[in-house]
Number of protein chains: 4
Amino acid sequence: MKSEKQTNFSLELVNREAKPEGTVLNVEGVQIGGPEIVVMAGPCAVESWEQLLTTAEAIQAAGARILRGGAFKPRSSPYSFQGLKEEGLKLLVRVRKETGLPVVTEVMDTRQVELVCEYADILQIGSRNMQNFALLNEVGLCRKPVLLKRGMSATIDEYLLAAEYIFKQGNDKVILCERGIRTFETSTRNTLDLNAVPMLKRRSHLPVIVDPSHGTGHWWMVPPLARAAVAAGADGLLIEVHYDPQKALSDGAQSLKPDKFGQLMKELRAVGKAVGKGISS
Amino acid sequence: MKSEKQTNFSLELVNREAKPEGTVLNVEGVQIGGPEIVVMAGPCAVESWEQLLTTAEAIQAAGARILRGGAFKPRSSPYSFQGLKEEGLKLLVRVRKETGLPVVTEVMDTRQVELVCEYADILQIGSRNMQNFALLNEVGLCRKPVLLKRGMSATIDEYLLAAEYIFKQGNDKVILCERGIRTFETSTRNTLDLNAVPMLKRRSHLPVIVDPSHGTGHWWMVPPLARAAVAAGADGLLIEVHYDPQKALSDGAQSLKPDKFGQLMKELRAVGKAVGKGISS
Amino acid sequence: MKSEKQTNFSLELVNREAKPEGTVLNVEGVQIGGPEIVVMAGPCAVESWEQLLTTAEAIQAAGARILRGGAFKPRSSPYSFQGLKEEGLKLLVRVRKETGLPVVTEVMDTRQVELVCEYADILQIGSRNMQNFALLNEVGLCRKPVLLKRGMSATIDEYLLAAEYIFKQGNDKVILCERGIRTFETSTRNTLDLNAVPMLKRRSHLPVIVDPSHGTGHWWMVPPLARAAVAAGADGLLIEVHYDPQKALSDGAQSLKPDKFGQLMKELRAVGKAVGKGISS
Amino acid sequence: MKSEKQTNFSLELVNREAKPEGTVLNVEGVQIGGPEIVVMAGPCAVESWEQLLTTAEAIQAAGARILRGGAFKPRSSPYSFQGLKEEGLKLLVRVRKETGLPVVTEVMDTRQVELVCEYADILQIGSRNMQNFALLNEVGLCRKPVLLKRGMSATIDEYLLAAEYIFKQGNDKVILCERGIRTFETSTRNTLDLNAVPMLKRRSHLPVIVDPSHGTGHWWMVPPLARAAVAAGADGLLIEVHYDPQKALSDGAQSLKPDKFGQLMKELRAVGKAVGKGISS
């Protein structure tokens with residue numbers, strides 16, 4: 001028997017041959033997968049109006065095009081902060097009105113999909129739910145773009161099959177996101193697998209973005225890995241920014257302060273230019 | 001920053017100190033976690049009345065106490081057989097009536113929990129959903145025992161925290177199940193981690209069973225690893241049995257035929273005796 | 001391209017077909033690979049005459065047939081104790097004379113092979129040297145049996161190819177030893193891969209033993225995993241025993257005290273009997 | 001017990017604090033670890049005078065500063081091509097005379113160190129020998145720079161401790177090289193861990209280079225990952241180039257043809273410029 005992880009499953013819809021020119025998604029005027037690298041930034045978790053607005057204005061000023069922020073938070077421990085839930089979604093929408101930034105936020109339960117769709121511009125499926133097939137089917141039935149994060153121990157085959165689930169239900173707006181895989185290494189939270197960028201681009205026609213915050217777990221490693229992701233051909237980045245990381249309710253250690261983020265955006269523009277890609281300023 | 005996988009999260013409810021004598025669950029008269037090893041067996045997927053009944057009678061005759069069978073099947077590919085769904089649940093109940101065997105079956109979606117609860121004696125949470133926190137919370141609210149399989153790349157800490165989610169909602173009937181972890185090795189489907197058996201028994205008070213079928217991926221490896229699991233101190237086993245593995249709609253390569261299963265049960269009785277445990281015959 | 005770890009390399013000499021009945025090695029009268037399980041025990045590192053003799057007498061009284069003890073120690077840090085070197089070899093030989101126990105000890109350098117051959121009955125190649133091909137070739141040229149430990153991240157294919165190197169030079173006395181592989185799990189030192197036991201027995205004709213001390217890293221996990229190894233079909237065990245683990249210069253945390261070792265031997269006899277194997281008493 | 005892979009070993013000599021300004025090595029006039037990125041290129045294995053000279057001239061014309069080529073080849077199978085050995089070393093020296101390129105080549109056995117030192121400008125320790133402590137000690141006693149490749153499953157701690165072994169013997173000319181780690185992913189030969197670049201630079205004062213050829217296993221992935229390595233802050237690259245990859249005796253699938261390599265060097269110059277580093281042309 002071939003082990004399941006080796007088997008070559010057939011992909012009908014997300015494979016590169018199905019759309020050789022590649023997919024470019026339009027999210028409220030922001031093109032993802034095109035000639036410009038799209039940076040999505042914001043706090044790990046939505047905590048308050050002030051926190052969210054301050055951060056949103058800062059990342060927008062630095063050139064980010066999409067605001068990220070978790071309202072429903074998947075946490076290893078039931079005793080950790082679980083997010084502001086619908087109140088968090090409402091804050092995201094208020095900040096979108098204020099800034100014009102489209103928002104991406106996570107959905108964790110099939111029963112929440114309708115609710116989150118009302119508020120979000122992009123639905124995020126987190127790593128732990130990459131093979132939550134009921135949830136994949138459900139977001140496959142809605143018409144919002146889906147940012148599908150790679151599972152911690154998902155092979156490239158399994159990852160593309162998860163995207164195929166969404167496509168098969170009729171939703172062809174999927175963005176892939178490499179966010180680090182689980183390995184034996186303990187000095188970093190995960191091992192960011194940048195091999196995945198060219199591999200996913202070759203195997204599928206979907207936009208591929210990279211999350212160096214979860215991929216490293218250390219704020220000081222985010223800039224070099226973000227630059228590397230752009231150099232490797234990523235279509236975008238997902239970066240955690242918090243104006244007071246030490247007080248963050250989640251993932252403070254891997255969050256950049258706004259000034260560091262601004263500096264990083266300049267560096268990314270230089271690297272983007274070197275590989276023929278623009279980044280909005 | 002400590003990476004999340006290293007952090008020592010506190011366990012309030014499932015840790016050994018909370019119940020030093022250990023938990024023994026009673027499932028329709030079958031004691032799990034007590035002096036007798038409980039074997040749960042049956043097909044990976046429920047396929048038909050004939051398949052299920054034939055298999056159930058065979059495993060019962062050999063000494064298994066609980067019937068397993070998937071009605072909702074999590075499959076890597078959307079093009080693979082996804083299970084008979086509610087029809088499968090109905091077949092399980094009919095076979096339970098016929099044989100008296102309690103049934104364990106998987107639930108994959110928060111919206112199905114109520115339905116599956118009506119049919120099943122034990123709800124199974126599959127590996128891919130071990131950190132589907134919405135689902136953990138939902139099964140935490142019902143009163144049926146939950147068989148929680150370890151995630152493919154879940155640390156012991158994360159695994160126990162997942163059980164803690166269920167307890168925290170009020171359901172204290174959780175069975176742990178080591179089913180193989182994902183490693184670099186490709187000759188087996190997963191790497192069965194029997195270290196987990198004494199570690200989980202020491203850290204928590206919950207019954208711990210082992211699934212050598214998924215843990216190896218090869219039917220001929222199931223007997224030696226099932227024996228090993230008993231020798232390592234497992235409270236039970238979950239074993240795939242199919243009367244015609246080559247025609248199985250799922251996981252045929254790792255399913256034992258009834259006669260091999262009967263032979264294995266004899267071997268398990270001998271090993272059980274060596275470690276002071278009984279197995280029903 | 002197939003990645004190297006997937007490629008199916010051909011084995012000419014160590015594959016099961018080359019000797020379907022299996023290899024039984026005779027080491028100074030001790031049969032390895034036959035109907036009796038052979039336990040090799042002793043301290044991680046040879047530290048002194050008293051330590052070694054006391055331990056040897058204790059393990060012999062409990063039924064162990066071969067004495068293990070490191071004279072040349074591979075240590076991650078250059079500042080850790082590196083072994084007594086030739087003085088350690090001399091102590092091993094003196095204790096062999098006193099007790100009659102054959103000795104197994106590690107060789108780390110091609111230039112030491114001749115020296116270690118003069119003293120040892122079995123040469124051990126450690127995990128970190130499993131693909132030290134110069135060393136494999138060198139021990140292949142001598143006539144002493146070789147205990148080849150599996151590399152921390154070696155696939156079954158690579159492991160058997162390493163044994164093939166030794167055979168190809170003319171030495172057909174190789175014992176395989178599963179000792180845990182490196183995975184994401186951090187609660188144990190390694191993940192003992194008992195899947196490897198039936199897989200190696202099926203693929204090759206060589207005796208297969210298991211080292212639960214390195215495979216777990218915790219002394220209290222050694223008994224359950226040692227029992228499991230026997231139940232899975234191992235031909236022997238390699239177990240660290242120290243009469244004062246807290247003062248051990250290496251690996252104290254995973255060493256059993258002699259009384260616990262004696263208790264374990266009794267348990268192993270019971271499990272051995274259950275699977276049709278004897279253990280000397 | 002803390003598992004060995006977690007323990008925080010102390011580094012005396014290679015840690016960043018020992019030399020905050022960082023180490024710049026001078027290899028026959030080529031500065032490694034300075035403001036210029038150094039590209040080392042050439043065939044996996046030295047095969048013939050023509051092959052080596054042709055390749056050397058091509059990579060030199062494209063801007064590479066150091067010639068790589070294996071004379072002693074570590075191969076998983078004893079039946080694979082094992083290298084031209086001393087004849088290969090002689091070819092390397094002849095090509096160095098012809099081109100002026102310093103050469104880096106692997107040493108696999110303590111007994112070969114003296115010989116290889118006579119020919120090579122940089123001694124390479126391969127991944128499989130990263131914890132061959134006898135070999136580390138031996139190259140620590142010679143005065144040639146050592147390119148120490150990271151082991152396939154070595155943590156950052158273990159890797160730096162291996163470098164510490166070399167330093168402790170008196171050789172302070174060590175170059176680190178990330179070359180991919182072993183993970184569950186099977187679509188690539190290894191998982192290139194670019195997290196390691198900033199982590200190694202922060203923890204130690206040694207130059208850090210990256211090998212995208214072994215790190216990916218596919219020639220078409222080498223350019224994006226080489227660019228990424230430069231963007232992440234690597235001090236250099238090690239790249240396999242072969243003028244006829246399909247006929248290569250080793251690693252053809254991951255070797256670039258000279259024209260692709262020339263194109264890559266142009267791209268690297270652009271990325272280097274973006275991060276403030278030069279690359280010779």
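How many C-beta neighbours does D:K85 have inside 10 Å, and is this residue buried or partly exposed? D:K85 has 14 of them and counts as partly exposed. On the terms: a residue is buried if 20 or more other C-beta atoms lie within 10 Å of its own, exposed if 12 or fewer, and partly exposed in between, with C-beta atoms placed from the backbone.

Before I go on, some housekeeping. This is a predicted model, where local features need pLDDT of at least 70 and side-chain atom pairs count only at pLDDT 80 or more, while totals for chains, interfaces and linings use all residues. Residues are numbered from 1 along each chain as its sequence is written, and chains are lettered from A and ligands numbered from 1 in the order in which they are written.

Back to D:K85. Its phi is near 55°, a positive value in a residue other than glycine. D:K85 sits in the loop between β4 (66-68) and α2 (86-99) of chain D. Helices (H or I, at least four residues) and strands (E, at least two) are DSSP runs, numbered from the N terminus.

In chain A, A:E28 also has a positive phi, near 50°, and is not a glycine. The loop that holds A:E28 runs between β1 (25-27) and β2 (30-32) of chain A. A:E28 is partly exposed, with 14 other C-beta atoms within 10 Å.

One more partly exposed residue is D:S280, with 15 other C-beta atoms within 10 Å. D:S280 is found in the segment after β11 (278-279) of chain D. Leaving out residues up to four places away in sequence, D:S280 touches D:E36, D:G63 and D:R65; contact here means C-beta atoms, placed from the backbone, within 7 Å. From D:S280 to D:M221 it is 59 residues in sequence and 23 Å in space, C-alpha to C-alpha.

Which residues touch the most other members of the largest nonpolar core? They are A:L148, B:L148, C:L148 and D:L148, in a core of 387 residues. Such a core is a set of buried Ala, Val, Leu, Ile, Met, Phe, Trp, Tyr and Cys residues joined through C-beta atoms within 7 Å. Among the residues that A:L148 touches, beyond four places in sequence, are A:I125, A:M130, A:V174 and A:C177.

Now a helix pair in chain C. The axes of α1 (residues 49-62) and α9 (residues 258-274) of chain C come within 9 Å and cross at roughly 20°. Axes are lines fitted to C-alpha atoms, for helices over the stretch in contact, and angles run from 0 to 180 degrees between N-to-C directions. α1(C) and α9(C) are therefore roughly parallel to each other, the term for angles under 35 degrees. In this contact, C:T55, C:A58, C:I59 and C:A62 of α1(C) meet C:P258, C:F261, C:G262 and C:M265 of α9(C).

Methods
Angles under 35 degrees count as roughly parallel, over 145 as roughly antiparallel, 65 to 115 as roughly perpendicular and the rest as oblique. Two residues are in contact if their C-beta atoms, placed from the backbone, lie within 7 Å.
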